[in-house]
Amino acid sequence: MKQVIRIVHERCCGMDVHKKIIVACVITPDNKEIRTFGTMTDDLHELVSWLQSHGCSHVAMESTGVYWKPIYNLLEHTGIEILVVNAQHIKAVPGRKTDVKDAEWIAELLRHGLLQGSYIPSREQRELRELVRYRRSLIED
């Protein structure tokens, strides 16, 4: 007897985020599309427009460091649900060696509801934390 994994999110995107590039894989009921974007402001706006044109309801991104922040800041105003996932949880699967395969794998896991996002504070709390960190660095200087 063949078991079918239930599709939780019909239109979703998985992203592998790096310092200079973002590899994104959108999965819809009709197809799968993969694109690579830069990380400059215009590129990020193009990424958001691309996601909206596909009707994405959920996005999951794997990112080490702080590279997820600008994408998150732009997406949080669109109504798209965003998950920032821990790279260690996803990397446990052997055989994936490219950014494209990573983005596809993240999209597939998200599609079936198999990802859990990291806790991201509200925008106000993130801004306050940034301000406090900046103040502390000024005092230390």
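Are Trp68 and Tyr72 buried or exposed? I looked up both residues and found Trp68 and Tyr72 buried; buried means under 20% relative accessible area, exposed over 50%, and partly exposed in between (1.4 Å probe, protein chains only).

I note that this is a predicted model, in which local features need pLDDT of at least 70, side-chain atom pairs count only at pLDDT 80 or more, and totals for chains, interfaces and linings use all residues. Residues are numbered from 1 along each chain as its sequence is written, and side-chain values use heavy atoms, with hydrogens and water left out.

Rings of Phe, Tyr and Trp (its six-membered ring) pair if their centres lie within 6.5 Å; planes under 30 degrees apart count as stacked, over 60 as edge-to-face and the rest as tilted.

The pair of Phe37 and Trp50 is tilted, because the ring planes stand at 55°, with the centres 5.4 Å apart. This pair links distant parts of the chain, 13 residues apart: Phe37 lies in strand β3 (residues 32-38) and Trp50 in helix α1 (residues 41-53). Helices (H or I, at least four residues) and strands (E, at least two) are DSSP runs, numbered from the N terminus. Phe37 has 3% relative accessibility and therefore counts as buried. Trp50 has a relative accessible area of 5%, so Trp50 is buried.

I then checked Trp68 and Tyr72, which form an edge-to-face aromatic pair with 5.6 Å centre to centre and 90° between the planes.

Finally, I located Leu128 in helix α5 (residues 123-140). Leu128 is exposed, because its relative accessible area is 51%.
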